[in-house]
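Subject: Structure handover

Dear colleague,

Here is the structure you asked for, with the sequence alongside. My notes on what turned up in it follow below.

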Amino acid sequence: MDMNHVENQDCYAGLTVNSGVAQPPSVNPYLTRRKRKPLPSVGEMVEGIVKGDVTMLSRAVTMVESLSAEHQAVAQEVIEKCLPFSGNSRRIGITGVPGAGKSTSIDVFGLHVLKQGGKLAVLAIDPSSERTKGSILGDKTRMEKLSVHPGAFIRPSPSGGSLGGVARKTRETIVLCEAAGYNNIFVETVGVGQSETAVHSMVDFFLLIQLAGTGDELQGIKRGIMEMADGIVINKADGDNIERARLAMTQFKSALRLFPTPASGWTPEVLTYSGYYELGIEEVWKMIDSYFEFVKANGYFERKRAEQSRFWMYETINERLHSHFYNNPEVQRMLAAAEEEILHNKRTSFAAAKTVLDSYFGAEN
């Protein structure tokens, strides 16, 4: 009995508190730490990726996503050497409102593609918590058939709160996957929002998945996203929902007629299907095949790829400038001081920003 506890005093007769059991160590004392394997060289990585080694591909993608400067340097060298082996895939962006069945649809679409031969890489951008920066990365669990298929590579990537950063990393991952022989690339977005613009700038075909029977079918879909779509498909067209799906299809077709003709010259189609019951999948894929035939015949396919490469050059420059500015120690000190002045109403936001920028650009000169 431990007499240090106040409950063990005479006035608390009949009540005793024992010392308890000592807590075991948090680390297993018998655990032997294994040494980490050294990172493979750039040459070994590139050779493995080109041969289709999934382990090497995964390690390279991990380096692309790493925040370490050392890993980033290696990743950029690997990407540069893989570039000549890339560009030989069909890149398809898939978006839709939450609950539209994107992951289930990708599972079914992917199996349909794999039956035709070739390999498939699925890059799913997973939303990160703004508070903890963590991600569930659960897309792979919803792609039950693809996740065990030897011809499929599924890689969920946390958005980490930085849309520009994850978009660049996803585009670099596309290059690596193409070099590894994946001739079909699916890029799934987090949902209807800003990520669509980024994904649209790295894919050849943009597919919008929508639901019927949820109220006003056009409500919640931004005009900009519909204008980006090369095809709209209405999921869950089965059972009692078939008529509602057909009505939604008519509404979307009417809405699309109000939009100007896309630069590709392609008129976006609207189809219905059921991902769960695998109905209408072949028709959806025929639409995608027709699109690629159309844009390759009129030269738009190559023009769009070239425009995307130019766009990502400027995006990379913008990101490097942003990183260089905010990682500058002197800028960090000045920003902290400027914040204090703003919070205590000693200075306006605009004046503080001008002082920091003038000092930064003056230091650069």
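Glutamate 65 is partly exposed, at a relative accessible area of 22%. This residue forms a salt bridge with arginine 155, and the closest N and O atoms of the two are 3.3 Å apart. Arginine 155 has a relative accessible area of 15% and is buried, whereas glutamate 65 is partly exposed. Please keep in mind throughout that this is a predicted model.

Other salt bridges

A search of the whole structure gives 13 salt bridges. Glutamate 307 pairs with arginine 310, with 3.0 Å between the closest N and O atoms. These two residues are 3 residues apart in helix α11, so about one helical turn separates them. Glutamate 307 is partly exposed, with a relative accessible area of 45%.

The other is between aspartate 358 and lysine 354, whose closest N and O atoms are 2.8 Å apart. Both residues are in helix α13 (residues 349-364), 4 residues apart, which is about one turn of the helix. Aspartate 358 counts as partly exposed at 42% relative accessibility, while lysine 354, at 53%, counts as exposed.

The chain as a whole

The protein chain has 13 helices and 7 strands. Of its 365 residues, 43% are buried. The chain exposes about 21000 Å², and carbon and sulfur atoms supply 54% of that area. Among contacts with a separation of 6 or more, 73% are between residues 24 or more positions apart.

Nonpolar cores

Which residues touch the most other members of the largest nonpolar core? They are Ile49 and Leu176, in a core of 51 residues. Leaving aside residues up to four places away in sequence, isoleucine 49 touches Met56, Leu57, Ala60, Val78, Cys82, Leu176, Ala179 and Ala180. There is also a second, separate core of 35 residues, which includes Ile106, Leu111, Tyr291 and Tyr300.

Cysteines

Cysteine 82, one of the residues that isoleucine 49 touches, counts as buried at 0% relative accessibility. Cysteine 177 is also buried, at 0% relative accessibility. A disulfide is a covalent bond between the sulfur atoms of two cysteines. With a cut-off of 2.5 Å between cysteine sulfur atoms, the count comes to 0 disulfides.

Phenylalanine 206

Phenylalanine 206 is in strand β5 (residues 205-211). Is this residue buried or exposed? Its relative accessible area is 0%, so phenylalanine 206 is buried. Not counting residues up to four places away in sequence, phenylalanine 206 touches Gly93, Thr95, Glu196, Val199, His200, Met228, Ala229, Asp230 and Gly231. The C-alpha atoms of phenylalanine 206 and phenylalanine 186 are separated by 9.9 Å, and the two residues are 20 residues apart along the chain.

Surface patch

Met313, Tyr314, Ile317 and Leu321 make a nonpolar surface patch of about 400 Å². Isoleucine 317 is located in helix α11 (residues 300-326). The relative accessible area of isoleucine 317 is 41%, so this residue is partly exposed. A residue needs over 30% relative accessible area to be part of a patch, and isoleucine 317 has 41%.

Positive phi angles

Glutamate 278 has a positive phi of about 55 degrees although it is not a glycine. Glutamate 278 sits in the loop between β7 (269-272) and α10 (281-297) and counts as partly exposed at 41% relative accessibility. Asparagine 345, likewise not a glycine, has a positive phi of about 55 degrees. Asparagine 345 is in the loop between α12 (329-343) and α13. With a relative accessible area of 72%, asparagine 345 is exposed, whereas glutamate 278 is partly exposed.

Regards

Terms used. Residues numbered from 1 in each chain as written. Predicted model: local features only at pLDDT ≥ 70, side-chain atom pairs only at ≥ 80, totals over all residues. Heavy atoms only, no water. Patch = residues over 30% accessible without salt bridge, like charges linked within 9 Å, V, L, I, M, F, W, Y side chains within 5 Å. Areas by Shrake-Rupley, 256 points an atom, 1.4 Å probe, with all protein chains shown as cover. Salt bridge = Lys/Arg side-chain N within 4 Å of Asp/Glu carboxyl O. Buried < 20%, exposed > 50% of the residue type's maximum accessible area, 1.4 Å probe, protein only. Core = buried A, V, L, I, M, F, W, Y, C linked by side-chain atoms within 4.5 Å. Contact = heavy atoms within 4.5 Å.
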